[in-house]
Amino acid sequence: MASGSHRLDRYFSKTLGINRRDVKALLAQGRILIDHQPAADAEQLVDEFSHIAFDERVLQLKLPVYLMLHKPIGILSATTDPRHPTVIDLLQRADKGDLHIVGRLDRGSSGLLLLTNDGRWSRALMAPKLEVPKVYLVTVQNPLTPDYVKAFSDGMYFAYEGITTRPARLEILEERLARVTLVEGRYHQIKRMFGRFRNPVLALHRTAIGNLPLDPALAPGQSRELTPAELKGIRG
Ligand code: URA
């Protein structure tokens, strides 16, 4: 089933090639189970992760997957690529072909990358209006000054997209090390923002998305599933 919700009678009439009146009869006979419970309402909504059974035959069984990966430098945030190894190549899972990336990192960047097969979740997490913060440690070539803090907070006009970046937080941690918090993800955004100061980014590492920090136990290249508490808390 494609992502999104559908009425149960629509799903069954399409899957079994019967009309919606016949679906009602099956419901009345208790022959349809949704998430292991007999279904009664033809208008009940099902989605790609509903467990759907008919006469004890499982018609649909797909579990949602939510992974955090410590992306190493040099690996592409893509699902396939003819030339470079991708983050999917780092996974050892049979279902890795179903996964997509939630908020890419440049090939030269490292840190927290999320992968999932749940399109609704990833769209919600990355929706600009929700302003889920993404936190980065950024090492630059030249010393930082308070001017950077103001310029990041004021926003910068990106002529290519015709937008002004949302207020971003820059904290100077060391002479050439900053923590930057963005609530959006424009193409090469951090590099372009430091580019305004002609200050090349030497290293870029994402440490958190929303309330979810990169697990320090994960070495570069390693991944694990999110816990239920992490899933629940990521958006705060
Ligand atoms: N900004 C960048 O320039 N690169 C990244 O990978 C992430 C944010």
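View 1. The model is predicted: local features need pLDDT of at least 70, side-chain atom pairs count only at pLDDT 80 or more, and totals for chains, interfaces and linings use all residues. Residues are numbered from 1 along each chain as its sequence is written, and side-chain values use heavy atoms, with hydrogens and water left out. The side chain of D106 places an N or O atom 2.7 Å from a nitrogen atom of the ligand. At I190, a backbone N or O atom is 3.1 Å from a nitrogen atom of the ligand. Of the 240 Å² of accessible area that the ligand has on its own, the protein covers 95% (Shrake-Rupley method, 1.4 Å probe).

View 2. Around the ligand are L105, D106, S109, Y136, H188, Q189, I190, K191 and L204, each with a heavy atom within 4 Å of it. D106 belongs to the loop between β8 (100-102) and β9; strands (E, at least two residues) and helices (H or I, at least four) are DSSP runs, numbered from the N terminus. A polar contact of 2.8 Å joins the side chains of D106 and H188. Leaving out residues up to four places away in sequence, D106 touches K71, H188 and K191, where contact means heavy atoms within 4.5 Å.

**View 3. The largest nonpolar core.** This core has 32 residues, of which L115, V138, F152, V180, I190 and F194 touch the most other members. A nonpolar core is a set of buried Ala, Val, Leu, Ile, Met, Phe, Trp, Tyr and Cys residues joined through side-chain atoms within 4.5 Å; buried means under 20% relative accessible area, exposed over 50%, and partly exposed in between (1.4 Å probe, protein chains only). Two or more residues come from each of β7 (66-71), β9 (110-116), β10 (134-140), α4 (146-154), β14 (177-182), α5 (189-195) and β15 (201-209). Another core, of 14 residues, lies apart from it and includes M68, V102, W121 and L214.

View 4. Y148, A151 and F152 are the residues shown as buried in α4. Because they cover an arc of only 100° around the axis, they lie on the same side of α4; the arc is that of the directions from the helix axis to the C-beta atoms. P146 and K150, on the other side of α4, are exposed. The cover over the buried residues of α4 includes β13 (169-174), β14 and α5. G155 follows α4 and has a positive phi, near 95°.

**View 5. Residue N199 in its loop.** The loop between α5 and β15 contains N199. N199 is buried, at a relative accessible area of 2%. Apart from residues up to four places away in sequence, N199 touches V140, Q141, N142, P143, L144, Y148 and F194.

**View 6. Helix α2 and its ends.** In α2 (residues 20-28), V23, L26 and L27 are buried, and their arc of only 100° around the axis puts them on the same side of α2. R21, K24 and A28 are exposed on the other side of α2. Packed against the buried residues of α2 are α1 (8-16), β2 (32-34) and β5 (52-54). N19 caps the N-terminal end of α2, with a side-chain oxygen 3.1 Å from the backbone nitrogen of R21. After α2 comes G30, whose phi is positive, near 70°.

Definitions and conventions
A polar contact is a pair of N or O atoms within 3.5 Å; within protein, one must be able to donate a hydrogen and the other to accept it, and residues adjacent in sequence count only if both atoms are side-chain atoms.
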